[in-house]
Amino acid sequence: MALSLYEATVPQFLQILPGVMANLDRAEAWAKERGLSDAEILGKRLAPDMHPLASQFRWAAQHSAGAIRSVFAGIIRPDQTPPPEDFATLRGILTDALSYVQGVDANALEAVRDKEVNLEYAGAVRLRFSGTGCLVSFALPNFYFHTSMAYAILRNLGLEIGKADFIGAVQTKQIA
């Protein structure tokens with residue numbers, strides 16, 4: 001049996017998002033211990049030309065729940081607004097994303113696997129996808145990229161987090 005669009009995406013989002021949220025909490029506690037403001041930490045980046053930590057967290061939500069919403073709607077319009085500068089707002093964004101992904105109906109997602117999805121940027125269609133292509137070749141790689149960058153920025157700052165804090169609960173086979 002072929003892997004469904006749901007199986008190819010939703011479990012991966014559900015595996016990684018809780019760790020992303022836990023790392024956000026760790027970052028907030030770490031900043032408070034050091035007397036640093038939310039904006040100070042959330043503005044950190046690995047290189048001058050990359051997006052800040054706050055963007056990495058927000059894009060984790062956008063490339064999981066936001067991508068699924070976009071497939072259902074048939075359109076992706078990337079959020080180009082400045083990222084939040086506080087942990088509470090980012091926590092709300094990630095909580096909403098996790099809640100949405102937890103409620104995705106597998107049959108409804110499978111029904112849009114061939115639906116056309118257009119990525120619009122600056123008012124023009126830039127990319128055309130199928131629902132499957134959008135989630136598997138665009139959203140998943142971006143999701144992993146941004147969650148990895150958030151992890152890397154936090155590690156670079158000195159947070160004591162490890163690989164298990166990123167990977168979360170892996171999907172294992174139950175052997176009788």
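## About the model

Because this is a predicted model, local features need pLDDT of at least 70 and side-chain atom pairs count only at pLDDT 80 or more, while totals for chains, interfaces and linings use all residues. Residues are numbered from 1 along each chain as its sequence is written, and side-chain values use heavy atoms, with hydrogens and water left out.

## Overall build

Let's start with the whole chain. The protein has eight helices and three strands; these are DSSP runs numbered from the N terminus, with helices being H or I of at least four residues and strands E of at least two. From the N terminus on, the order is α-α-α-α-β-α-α-β-β-α-α.

The C-alpha trace spans about 55 × 50 × 25 Å along its principal axes. A compact globule of 176 residues would have a radius of gyration near 16 Å, and the 17 Å of the protein agrees with that (the radius is taken over C-alpha atoms, and the globule rule is 2.2 Å times the number of residues to the power 0.38). Buried residues make up 43% of the 176 residues, where buried means under 20% relative accessible area, exposed over 50% and partly exposed in between (1.4 Å probe, protein chains only). Of the contacts with a separation of 6 or more, 77% join residues 24 or more positions apart; contact means heavy atoms within 4.5 Å.

## Helix H1 and its two partners

Helix H1 (residues 5-33) and helix H5 (residues 87-102) have axes that come within 10 Å and cross at roughly 165 degrees. Axes here are lines fitted to C-alpha atoms, for helices over the stretch in contact, and angles run from 0 to 180 degrees between N-to-C directions. H1 and H5 are therefore roughly antiparallel (over 145 degrees; under 35 is roughly parallel, 65 to 115 roughly perpendicular and the rest oblique). Their contact includes Phe13, Leu17 and Val20 of H1 and Leu90, Leu94 and Ala97 of H5. By class, the contact residues are 16 nonpolar, two polar and three charged, with Ala, Val, Leu, Ile, Met, Phe, Trp, Tyr, Cys and Pro counted as nonpolar, Asp, Glu, Lys and Arg as charged, and the others, Gly among them, as polar.

H1 also meets helix H7 (residues 131-157), with axes that come within 11 Å and cross at roughly 20 degrees, so H1 and H7 are roughly parallel. Among the residues that meet are Phe13, Leu17, Val20 and Trp30 in H1 and Phe143, Tyr144 and Tyr151 in H7. This contact has 16 nonpolar, six polar and no charged residues.

## Helix H3 against H5

Helix H3 (residues 53-62) packs on H5 at an angle of about 20 degrees, with the axes 8 Å apart, so the two are roughly parallel. Ala54, Phe57, Arg58, Ala60 and Ala61 of H3 face Leu90, Ile93, Leu94 and Ala97 of H5 in the contact, which holds eight nonpolar, no polar and one charged residues.

## Ser70 in helix H4

Ser70 lies in helix H4 (residues 65-73) and counts as buried because its relative accessibility is 11%.

Leaving aside neighbours within four places in sequence, Ser70 is in contact with Ile75, Ile76 and Val117. Ser70 and Asn118 are 48 residues apart in sequence, yet 8.8 Å apart in space, C-alpha to C-alpha. After H4 comes Gly74, whose phi is positive, near 85 degrees.
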